Amino acid sequence: MKKLALLSAALISTLIISCGGETKTQEETIQSPIATGQESNAPVYDPKRGEGKFDESNVKIGPLNEAMAAKGVAIAGTKCTSCHKLTDEKLVGPGWKGVTTRKTPHWIMNFITNPDPMIDKDPEVQAQLELCLVRMPNQSLADEDARQILEFMRKNDSSK
Amino acid sequence: MKISKNSILATFALASLLLACKPKNTSNAVSGDAAAKAYVAPGKYDEFYNFVSGGFSGQMSVYGLPSGRLFRYIPVFSVDPEKGWGYNEETKPMLNTSHGFVPWDDLHHIELSQTKGEQNGKWAFANANNTPRLARIDLKTFRTAEIIELPNSGGNHSSPFGTENSEYIVAGTRFSVPGDNDNGDVPINSYKQNFKGHISFVSVAPETGEMKIAFQLRTPGVNFDLARAGKGKSHGWFFFSCYNTEQASTLLEVNASQRDKDFIMAVNWKKAEEYIKAGKGKKTPVKYAHNVYNESTQSATSKIEKEVLVLDIAEFKDICYFIPCPKSPHGCDVDPTGEYIVGSGKLAALIPVFSYDKIQKAIANKTYEGDYEGIPVIKYEAALYGEVKKPGLGPLHTEFDANGNAYTSFFVSSEIVKWNIKDLKVLDRAPTYYSVGHLCIPGGNTVKPWGKYLIAYNKITKDRYLPTGPELTQSAQIFDISGDKMQMILDFPTIGEPHYAQAAPAELIRNNGQLKIYKIAENKHPYKTNGEGEARVVREGKKVHVYMTSIRSHFAPDNIEGIKMGDEVYFHVTNLEQDWDVPHGFAIKGANNAELLIMPGETCTLKWTPDRTGIFPMYCTDFCSALHQEMQGYVRVSPAGSNVPLSFSLNKPVAENK
Ligand SMILES: [Cu+2]
């Protein structure tokens with residue numbers, strides 16, 4: 001009897017919670033690591049730009065900067081090339097050859113600094129994920145690191 | 001379910017039988033909205049972190065309040081194969097002592113670091129009760145950062161209580177013993193002549209937290225139990241509970257319970273500091289280990305220290321004073337204002353509350369009833385503010401809320417009693433299941449208690465959960481104390497046997513600069529591999545160093561040949577990931593060792609001595625990606641004289657069979 005009363009009390013209280021609590025958002029929202037990306041009512045995603053803080057206005061490219069590219073190759077050696085080859089051959093992720101012609105500079109900058117949401121939204125990345133079955137990791141690149149790696153990718157694409 | 005005075009008396013007479021029977025039964029004392037109060041919805045965060053001693057597990061566990069969910073347990077004094085603690089080369093030195101490598105201890109109490117009497121979220125301190133040590137856990141990484149051994153000590157129980165700005169964390173010996181530099185080869189029954197107490201004052205560097213034994217107080221041989229620093233007006237003083245003032249060395253159960261009153265020892269530590277500054281400390285040769293984990297090299301070092309400064313309190317008349325306290329005091333707790341010191345005689349049926357102002361007056365006027373081994377004993381009444389009468393049986397420990405109330409745990413009568421500090425009236429009592437030891441209120445030992453919840457850490461579990469054979473989990477209970485009456489809202493099981501615990505607001509800990517990854521660029525481990533391009537195998541005589549990397553989902557190298565019988569192989573595995581929560585593991589068949597569990601950006605080393613020739617698989621133990629099951633490799637071991645060359649590779653095309 002007592003147990004029953006307890007149970008129903010617990011039930012009632014969960015009901016109360018589920019009615020009242022829904023609209024409140026938690027200040028610290030938790031990113032789901034395995035979001036489905038199925039919903040079609042997401043805010044407009046621009047596949048040319050990607051998602052993140054970079055666009056045409058803040059990623060400027062000019063003639064190849066060798067010093068920057070040299071810094072980029074060092075960072076990539078630690079953080080990237082265990083999964084990416086410099087050729088067009090796939091390792092864990094796709095080969096980097098030609099990536100700067102396939103993608104805009106700011107798309108690359110966005111993707112490598114902010115991969116998680118883009119993996120969930122970008123149709124081409126989704127297709128790659130189906131092949132690779134590994135999610136491109138967030139390697140905690142500083143903006144500067146990302147720019148230097150981009151320069152290195154440009155260099156890689158300009159050489160034969 | 002109220003306990004009448006008669007039933008208290010009756011239970012007193014039956015005190016020894018009480019443990020055998022259940023004090024109360026399971027199903028009462030929970031009211032309807034309890035579930036809602038302890039409920040934290042999936043994906044939501046708790047309000048408080050609860051840092052809980054793991055008792056004889058030697059570890060510290062971290063729970064959420066009010067949900068009682070276990071987040072993590074942090075290896076401190078005991079090895080932990082799951083995390084490689086004490087097994088990998090980096091952390092082995094952390095468990096070094098003057099006795100050599102000690103793989104286990106008994107962790108009793110937790111102290112969170114403070115600034116101006118308030119929690120600052122930087123460190124948690126913990127004591128080892130068996131081989132006397134003190135540990136500092138860094139709350140940015142939730143890892144043990146430092147362990148210092150305590151010389152002249154028999155069991156570090158009266159610890160790790162700290163002063164208002166964590167200037168000192170104290171470590172008082174539970175078992176008095178002959179000093180390390182005295183001749184210890186003496187008859188045990190010469191306790192009175194030869195056994196001494198020592199209390200270490202361990203200083204904590206404000207920025208780095210680095211610990212150092214600033215000085216020790218040498219005291220008459222008694223057992224030190226618990227302690228608390230003064231705060232506010234009583235900052236500069238420390239209070240220690242002592243029992244076995246009978247100085248028994250056998251059947252303490254009876255022989256240390258003879259005297260009507262034992263003591264609380266009041267220590268003027270500012271005075272002791274002055275004597276040390278004036279060069280009065282006696283340099284005493286001892287041996288103790290000081291182990292520090294360096295976050296930059298990601299490795300620990302252990303240094304044996306050779307000397308400690310000792311002040312014999314019999315020689316300095318104005319450092320220590322004894323205050324009589326009924327019947328083997330355990331808790332000795334100072335209220336948020338710093339004026340009231342609550343003694344809890346674990347065999348007493350009342351709670352004495354002492355007044356800091358009265359103690360000062362008694363010392364000024366020398367209102368003493370005599371001395372104990374040359375130390376003045378203040379008259380009980382001269383120090384006493386008042387007594388809480390008939391509160392329950394076996395008071396153990398007291399914490400405070402912000403509204404002038406005290407909460408005392410009662411082991412024998414298995415309850416928590418809430419009482420008012422000013423008028424000493426009992427306000428409420430709540431049963432616990434069963435036989436509560438310490439209790440914890442968030443901030444309940446500080447000048448700024450957060451209140452809201454009280455957790456009882458019980459000593460006996462019996463029928464609280466589904467039975468699991470003779471050995472049961474330990475049981476804790478959470479009470480909502482925001483109203484006038486305490487309300488039990490949740491039971492939760494705990495690891496080891498929790499003694500004391502502390503709790504701090506989630507925000508305070510989350511905003512302390514917590515780490516999510518180790519930045520690979522800041523990793524200064526001498527055997528770090530900075531990317532796959534540097535992965536290699538290097539032979540140095542019989543030692544073989546494997547510089548290995550891991551990333552989702554392969555090791556580099558993953559094929560190694562040319563290892564020979566008699567070699568010592570060191571796998572230095574660097575995890576190249578830089579994202580939160582992507583550890584990799586490493587294990588190899590037959591290792592007389594544990595696994596490595598390597599956090600992003602970290603390097604860990606497993607030592608492996610092959611015991612036979614053949615092919616040895618190695619693999620990643622932490623499910624890291626959909627291709628985790630492919631994260632593996634092979635090591636070939638050949639006979640000692642073999643001419644198989646040392647080689648290593650990853651993804652090398654298969655050679656033609658010769
Ligand atoms: Cu793995």
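A salt bridge here is a side-chain nitrogen of Lys or Arg within 4 Å of a carboxyl oxygen of Asp or Glu. I kept that cut-off at hand while going through this predicted model.

**Entry 1: salt bridges in chain A**

I began with Glu124(A). It forms a salt bridge with Lys103(A), and the closest N and O atoms are 2.5 Å apart. I then looked up where the two residues sit. Glu124(A) is in helix α6 of chain A, while Lys103(A) is in the loop between α3 and α4, so the pair links parts of the chain 21 residues apart. Is Lys103(A) buried or exposed? Lys103(A) is buried, with a relative accessible area of 12%; the cut-off for buried is under 20%.

Next I checked Lys53(A). Its salt-bridge partner is Asp143(A), with 2.9 Å between the closest N and O atoms. This pair also links distant parts of the chain, 90 residues apart. Lys53(A) lies in the loop between α1 (2-20) and α2 (66-79), and Asp143(A) lies in helix α7. Lys53(A) is exposed at 53% relative accessible area. Asp143(A) is partly exposed at 34%.

**Entry 2: salt bridges in chain B**

I moved to Glu111(B) and Arg228(B). Their side chains meet in a salt bridge, 3.7 Å from N to O. Glu111(B) is in strand β6 (residues 107-115) and Arg228(B) is in strand β14 (residues 223-229), 117 residues apart. How accessible is Glu111(B)? Its relative accessible area is 1%, so I noted Glu111(B) as buried. Arg228(B) also counts as buried, at 5%. Over all chains the count comes to 41 salt bridges.

**Entry 3: chain A overall**

Chain A has 7 helices and 0 strands. Of its 160 residues, 35% are buried. I looked at how far apart its contacting residues are in sequence. Among contacts with a separation of 6 or more, 70% are between residues 24 or more positions apart. The accessible surface of chain A is about 9,900 Å², and carbon and sulfur atoms hold 61% of that surface.

Then I picked out helix α4 (residues 105-113) of chain A. How many of its residues are buried? The count is 8 of 9, so I noted the helix as mostly covered. Among the buried ones are Trp107(A), Ile108(A), Met109(A) and Phe111(A). What covers them? The cover includes α3 (99-102), α5 (115-121), α6 (123-132) and α7 (143-158) of chain A.

**Entry 4: where the chains meet**

I listed the contacts between the chains. There are 26 residues of chain B in contact with 27 residues of chain A. The area buried between the two chains is about 2,100 Å², with 58% from carbon and sulfur atoms. Tyr45(B), Arg552(B) and Gln578(B) supply 21% of the area that chain B buries against chain A, more than any other three residues. I looked for salt bridges across this interface and the rule finds 0.

**Entry 5: a sheet in chain B**

Last, I traced an open sheet of 4 strands in chain B. The order is β3-β2-β1-β34, with antiparallel pairing. At the edges stand β3 (70-75) and β34 (501-505); each has a single partner strand, so one side of each is left without a neighbour in the sheet. The twist averages 20° from one strand to the next. Strands β1 (residues 48-53) and β2 (residues 59-65) of chain B pair over 6 bridges. Within that pairing, Tyr49(B) has Gly64(B) in β2(B) as its bridge partner.

Key. Residues are numbered from 1 along each chain as its sequence is written. Chains are lettered from A and ligands numbered from 1 in the order in which they are written. This is a predicted model: local features need pLDDT of at least 70, side-chain atom pairs count only at pLDDT 80 or more; totals for chains, interfaces and linings use all residues. Side-chain values use heavy atoms; hydrogens and water are left out. Two strands pair if DSSP finds at least two bridges between them. Helices (H or I, at least four residues) and strands (E, at least two) are DSSP runs, numbered from the N terminus. Axes are lines fitted to C-alpha atoms, for helices over the stretch in contact, and angles run from 0 to 180 degrees between N-to-C directions. Buried means under 20% relative accessible area, exposed over 50%, partly exposed in between (1.4 Å probe, protein chains only). Contact means heavy atoms within 4.5 Å. Accessible areas come from the Shrake-Rupley method with a 1.4 Å probe; for residues, only the protein chains shown count as cover. Buried area is the accessible area (1.4 Å probe) that two parts lose on being put together, summed over both.
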